[in-house]
Amino acid sequence: MFAVGAADERGTLRAVAIVGRPVARHLDDGATLEVTRTASDGARNANSLLYGAAWRAAKALGYRRLITYTQDGESGASLRGAGWRVIASRPPRAGWHTPARPRAGHGNDHVTRLLWEAL
């Protein structure tokens, strides 16, 4: 749907976030968006800034909910710093592969996840 970025005082892009429709079908209700990726070069507080900006942009576009996930072992400090809260824990997934629809693993199978929501 959109992306947001954080630049330093020289205009150099230091971090980005990509926001799209929720990956989970049952959350794709037309009122919800999901932060699917963030990337940064380590700039201090950049991810928190991005999560806050993404929520403001989503609301400005008429969306009522913004979600994202963290994997087990990730602190979620950037999300807490931006005012997000954990709303659910998702158990490890065995993978997306089924006999009717073969798929390769992408490294995130068998990992517990936390579902976060912007406030």
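Two strands count as paired if DSSP finds at least two bridges between them, and strands and helices here are DSSP runs numbered from the N terminus (helices are H or I with at least four residues, strands E with at least two). Welcome to this predicted model, where local features need pLDDT of at least 70, side-chain atom pairs count only at pLDDT 80 or more, and totals for chains, interfaces and linings use all residues. Residues are numbered from 1 along each chain as its sequence is written, and side-chain values use heavy atoms, with hydrogens and water left out.

**The sheet**
- Six strands form an open sheet with mixed pairing, in the order β1-β2-β3-β4-β6-β5.
- From one strand to the next, the twist averages 30°.
- Five bridges join β5 to β6 (residues 113-117) in the antiparallel sense, and S89 has L114 in β6 as its bridge partner.

**Helix α1**
- α1 packs on the sheet and touches β1, β2, β3 and β4, its direction making about 140° with that of β1; axes are lines fitted to C-alpha atoms, for helices over the stretch in contact, and angles run from 0 to 180 degrees between N-to-C directions.
- This helix (residues 46-60) has 15 residues and spans 21 Å from first C-alpha to last, close to the 21 Å expected, which is 1.5 Å times one less than its number of residues.
- Its buried residues are A46, S48, L50, Y51, G52, A53, A54, W55 and A58; buried means under 20% relative accessible area, exposed over 50%, and partly exposed in between (1.4 Å probe, protein chains only).
- Their cover includes β1, β2, β3, β4 and α2 (77-81).
- Just after α1, G62 takes a positive phi of about 95°.

- Leaving out residues up to four places away in sequence, V35 touches A17, I18, V19, Y51, A54, L66, I67, T68 and W84, where contact means heavy atoms within 4.5 Å.

**A buried loop residue**
- D8 sits in the loop between β1 and β2 and is buried, with a relative accessible area of 13%.
- A polar atom of the D8 side chain lies 2.9 Å from the backbone nitrogen of T12.

Terms used: Polar contact = N/O pair within 3.5 Å; in protein donor to acceptor, adjacent residues only side chain to side chain.
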